[in-house]
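Biologist: I've got a model open and I'd like to learn how to read it. Could you walk me through it?

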Amino acid sequence: MTATAPRHLEPPHASAGVGTPRPHESAHLHVAGTATYIDDIPELAGTLHAALGLSPVAHGRLRSMDLAKIRALPGVVDVFCAADIPGHNDCGPILHDDPILADGELRHVGQPVFAVVARTRGDARRAAARAREVLDIEPLEPVLTQREAHARGQYVIPAIHLARDTVEGGARAAIAAAPHRLAGALEVGGQEQFYLEGQISYAVPAEDDGMKLHCSTQHPSEMQHLVAHALGLKSHHVHVECRRMGGGFGGKESQSGLFACVAAIAARRTGRPVKLRLDRDDDFLITGRRHCFSYDYEVGFDDAGRVLGLAMTLISRAGHSADLSGPVMTRALCHVDNAYWLPDVELHGFSAKTNTQSNTAFRGFGGPQGAIVTEVILDSIARRLQLDALDVRRANYYGIGERDTTPYGQPVRDNILDPLTDALVASSGYRARREAAAAFNARSPWIKRGLAFTPVKFGISFNVRHLNQAGALVHVYVDGSILVNHGGTEMGQGINTKVAQVVAHELGVAYGRVRATATDTQKIANTSATAASTGADLNGKAAQAAALTIRKRLADFAARTFGGVAADVVFENDTVRVQDTVLPFPDLVRRAYEDRVQLWSDGFYATPGLRWDPKATKGRPFYYFSYGAAVSEVAVDTLTGEWRLLRADVLHDVGRSLNPAIDVGQIEGAFIQGMGWLTTEELVWHPKTGLLTTHAPSTYKIPTANDCPPVFNVALFDNENVEDSIHRSKAVGEPPLLLAFSVFLAIRDAVSAAAGHRIDPPLRAPATPEAILAAIDAVRARD
Amino acid sequence: MSAPPSDGLSREIRFFHRGEIVRLPDVPATRSVLDWLREDHRRTGTKEGCNEGDCGACTVVVGELPEHTDSPGQAVRGLRLRPVNACIRFMPSLHGKALFTVEDLRGPRGLHPAQQALVDCHGSQCGFCTPGFAMTMWASYENHGAAGTRPDRAQLADELAGNLCRCTGYRPILDAGQQMFDHAPVALDTAPVIAALRAIADASGAPRTLAELARRYAASPQARLVAGGTDVGLWVTKQLRDLGEVISVTEVDELKTIAHDAGELRIGAGASLEAAWAALAQRAPSLTEAWRRFASPPIRHAGTMGGNVANGSPIGDSAPVLMALDAQLELRQGERMRRVPLDDFYTGYQANRLEAGEFVQAIVVPDTAWARTIRAYKISKRFDSDISAVFAALAISLDGERVADVRLVFGGMAAVVRRAATAEAVLRGQPWSAATLAAAQAALARDFTPLDDMRASAAYRLRVAQNLLQRFWLETQGGTAASEATSIWSVA
């Protein structure tokens, strides 16, 4: 068996800039170890190192702390706590409920209580590790799980509801009147981002109250605001720069803030550069991750498996503060429909307050948690009706021109579910393999095979309208070299490569002329987080606008100089053609410069047509939808619960790809990452102490090379965005994570096979061997 | 920082790095190679991802003269090259060796084929894990190049089991690992490295012979013996412990010997896990999967089987297999040597029969052990490089239909690795039938009261242990057909 190289690497619309499978702009640096991450920046003389003293309890009141004891330890230069923060002690991105350092109440094991600044990182860590000895704590009873918090009515934000009635009485009435009904519950675990580069900030004091921060963050502007508030300064005092992150996945959207603030406060207090780089275990203990979800649902459906009514309660584990839990729940509610017309729905989303890390963004941002429960429900419906789950899914697909409005009121106008499904069902050999699996299972008592097809429809745009904006700056230098800067951040997804391709395309120049630089709050102001898969959509458009402005000026100048009209000037192949004259691009640039033409420009973009009423949970939150589907096949050992992914086939829609190699990379990476979430990656909090016991890669297991299936067919669906997105491409970061549902549902199918597909498996996610064996035992016991 | 050497001996560390001999007179005994590279040397290509040897971002390659290693035959033009984790490797262990980092790969003609293939196959996204992957791939490139072999995809995945990537999903990296061999060959010029290593081969002050080690340890029984440091490294990087006096055993070549003599296999306690498992799997191929799944290649290259056994973790995977093989430990204290059966060695959680100043010198497996049918089963959340929830090493010999002899050894089921005495007694002398199987499965519940923790619940551990006994029974019934029916790995 061999891995199959992705198809469609050379789409027909390939041109000088966009559509070509270029390597990542930093690939040659990555492989040589010369790509600079924050910790690789040469340290300034006098640099000090910070570490955080952490709460040893899940819940408690801080009576006092003896920081003098810490201050006396070897190498320690400074120690500070909440009371010493010059500005606001808050790093909450939306609500102001997130102290930088504990303010009297200890809210989870690992919450930062004080900061140590020392000569070396080792000295700082050793001193901070003495936290337990110097904190006088009155312990309080912790609430650790979302179900427990929900039972107590303990939330970080008010509940969010989303309902649609097409019949009188809505979902409840539709369920009551339905020919068939199912009720159930599901538990889905959270997920640690496990960016390979941990959280880090390096703060350097600058003149006149200034502060420069090198920060590994998806959201430099937010870091700027938070640091300004923490220091009691204005945004213009704070300068944040990020060339690249060693992975983000949502974990550095809001949660880089605490570390940026602590480093900046420490630098301010000592007047010296201060670096705060977390040890991996501390990173796990301090920061939040993907929300765990619990679901209780009731569904009514007809003989074909069509859903008539769905009522559901979703409870997320928000952790000790709101962070981004509200928007995560909103997106979850807006993705319960996934690819399906659900006529009558009633969804209630609760963001439970628990004494655990504050959960946050993670690739998909609630979308996966919203959609997976519906996929499980449809699987259960299929089993109840003894139909193939694929047929039940297709019976529920959104229609075209009818049955095409989402529960939140947005029409689905770009539906390609049927042709995409037809293509994948054919290319994966789904029907024949379904029969082969059944035949295998009939003769194999201990090993069972399972197969599943799952589709994805994912809404693209931030659910909050004003975040859908971006800026860019393009400089054309006199020698014809081009620098592009934009508000997006590079975390491996290849945004800089795509944006540089867009700029090269607009100016008709060789890709090598364009260089993308670090994200910098002094270049582009008020940037949005690089999140919600929108990075290339927004910043690509902004950079295109800037490049077009420059091209127009150059065209005007060329027409003035060589005759003709500006509209006829052609920029291609690194040259400019005007009338009968063909000039190398740099020649025209030099002449334009000498004629005093402005050769740099800003560009701005705001996504059109978005509306969202958060109170009504109605509107058009998404510019468009991305689609995809996957077929996965597994083998499960019914003696132990061990399993193996035998093959995965993926067909995914990225519109007209800006860079097929990068897009395929995103799809494959998201698939494997999603598979990790649903299988091997288990978070375990100690039921009594509340300590996250899986706080390092020794205990928290993300996929390895052997988990990549031996047959992995990934292809791009031939499509173009119906909306006027950047070159009609589509966002790719998050949607393919949901393709991994197929793995979870294939395991569910194999478990179900252990009892002749008669019993619905009570399988939780992650489907660890233990969870799988428990589900197998349960279906056998009930059979 | 840790304590300086207390015995007054010189501790100048000398090793080859970036074309020259590096001499470090005062390096602390527990300074990690990674911290030395990044903080002291400001060579930042090597990254810190987890600081515990589990992610591989810090992978470097260590070169040694083959005569100082456990497997002298496997060398690349006179140099043994192995990937290791720099984050939990102490600097003194580099003495007399060569340290290669990602900065070494790029040659005058540009990127190394391993690097170029990663670029061409889109094998990096965020790039943070990439230097580590490049180093593992480079070691693979050199080792396979020297051996005239090429790894297939599955072998590559095994070799890369110690390198985590969170972005790519691995497919492009696996492609790159195959494509790199298609480039024009580039071979490391080992001659200057070998010459340098010969020039610095004299002792650092650490013991060089077993006798010296024994004498030194007997005189300072409070000292901490450190071999590969794959466990002790974490005491320093994570628990921030001061190890006090440290005696490095890595320069004792005698301790690394694996030899067969007088009806027994003798594995020096300092032999790497990789070499030791290879020796076991050579005699019992059914142990190959347990070998593959024991930690990651960098850990298996650095860690020692003696360390794994002496450490006595209830979830270490060597002890169950060795116990099922009737292994004895050869213990040494000064000049005194004695043998203790492994199944009598552990006295409690990480407690054993070693006396002050006494250490494990060798692990001895009698030839008689190989006559039994043996299977090793590992249960963990992830296939590769995960710590066992349950590890079962099961061995049986039949006299006709009856059980002549049986060893049922489990890790992860109690505070120590131990045999299931009750279940063994139920089986011994009885027919190897479904009925006695069921009785033995039931007896396991009397043998063990397992722990609930983040790896598994007590109930699952017991249930899976019972089911593994059933799998063993199935696999010993009908030859290969039964084996295929009980393995997800035989499903195509």
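**Reading the contacts**

Modeller: Let's start inside one chain: 20 residues of domain 1 of chain B are in contact with 14 residues of domain 2 of chain B. Keep in mind that this is a predicted model.

Biologist: How do I read buried area, and what is it for domain 1 and domain 2 of chain B?

Modeller: Buried area is the accessible area that two parts lose on being put together, summed over both. Domains 1 and 2 of chain B bury about 1,400 Å² between them, with 66% of it on carbon and sulfur atoms.

Biologist: How many salt bridges cross the interface of domain 1 and domain 2 of chain B?

Modeller: For a salt bridge, look for a Lys or Arg side-chain nitrogen within 4 Å of an Asp or Glu carboxyl oxygen. The rule finds one across this interface of chain B. B:Glu142 forms a salt bridge with B:Arg77, and their closest N and O atoms are 2.9 Å apart. The side of domain 1 of chain B that touches domain 2 gets at least two residues from each of strand S3 (59-64) and strand S4 (80-85). By class, that side of domain 1 of chain B divides into 10 nonpolar, five polar and five charged residues.

Biologist: Now for chain A. Which domains does the assignment of chain A give?

Modeller: Domain 1 of chain A is 414-464 + 622-783, and domain 2 is 469-606. Their centres, over C-alpha atoms, lie 40 Å apart. The area buried between these two domains of chain A is about 1,500 Å², and carbon and sulfur atoms give 58% of it. On the domain 1 side, A:Phe462, A:Leu658 and A:Ile726 supply 39% of the area buried against domain 2 of chain A, more than any other three residues.

Biologist: How many salt bridges are there between domain 1 and domain 2 of chain A?

Modeller: The count is two. A:Asp663 forms a salt bridge with A:Lys498, where the closest N and O atoms are 2.7 Å apart. H18(A) gives three residues to the side of domain 1 of chain A that touches domain 2, the largest share.

Biologist: Let's zoom out. How many residues does the contact take from chain A and from chain B?

Modeller: Chain A gives 88 residues and chain B gives 81. The two chains bury about 7,000 Å² between them, 55% of it on carbon and sulfur atoms. For chain A, A:Val31, A:Leu196 and A:Asn706 supply 11% of the area buried against chain B, more than any other three residues.

Biologist: And what about salt bridges between chain A and chain B?

Modeller: There are 16 of them between the chains. A:Arg277 forms a salt bridge with B:Glu48, with the closest N and O atoms 2.9 Å apart. Polar contacts are a separate tally: 40 residue pairs across the interface of chains A and B. H18(A) turns up here too, giving eight residues, the largest share of the side of chain A that touches chain B. That side of chain A has 42 nonpolar, 22 polar and 24 charged residues.

Biologist: Which residues of chain B does UniProt annotate as "domain: FAD-binding PCMH-type"?

Modeller: The unreviewed UniProt entry has that annotation covering residues 197-370 of chain B. In the model, this span of chain B is 32% helix and 24% strand.

Conventions
Residues numbered from 1 in each chain as written. Chains lettered and ligands numbered in written order. Predicted model: local features only at pLDDT ≥ 70, side-chain atom pairs only at ≥ 80, totals over all residues. Heavy atoms only, no water. UniProt positions renumbered as here; feature names shortened; annotations may be inferred. Helix = DSSP H or I, 4+ residues; strand = E, 2+ residues; numbered from the N terminus. Contact = heavy atoms within 4.5 Å. Buried area = accessible area lost by both parts, 1.4 Å probe. Polar contact = N/O pair within 3.5 Å; in protein donor to acceptor, adjacent residues only side chain to side chain. Nonpolar A, V, L, I, M, F, W, Y, C, P; charged D, E, K, R; others polar. Domains from an automatic or database assignment.
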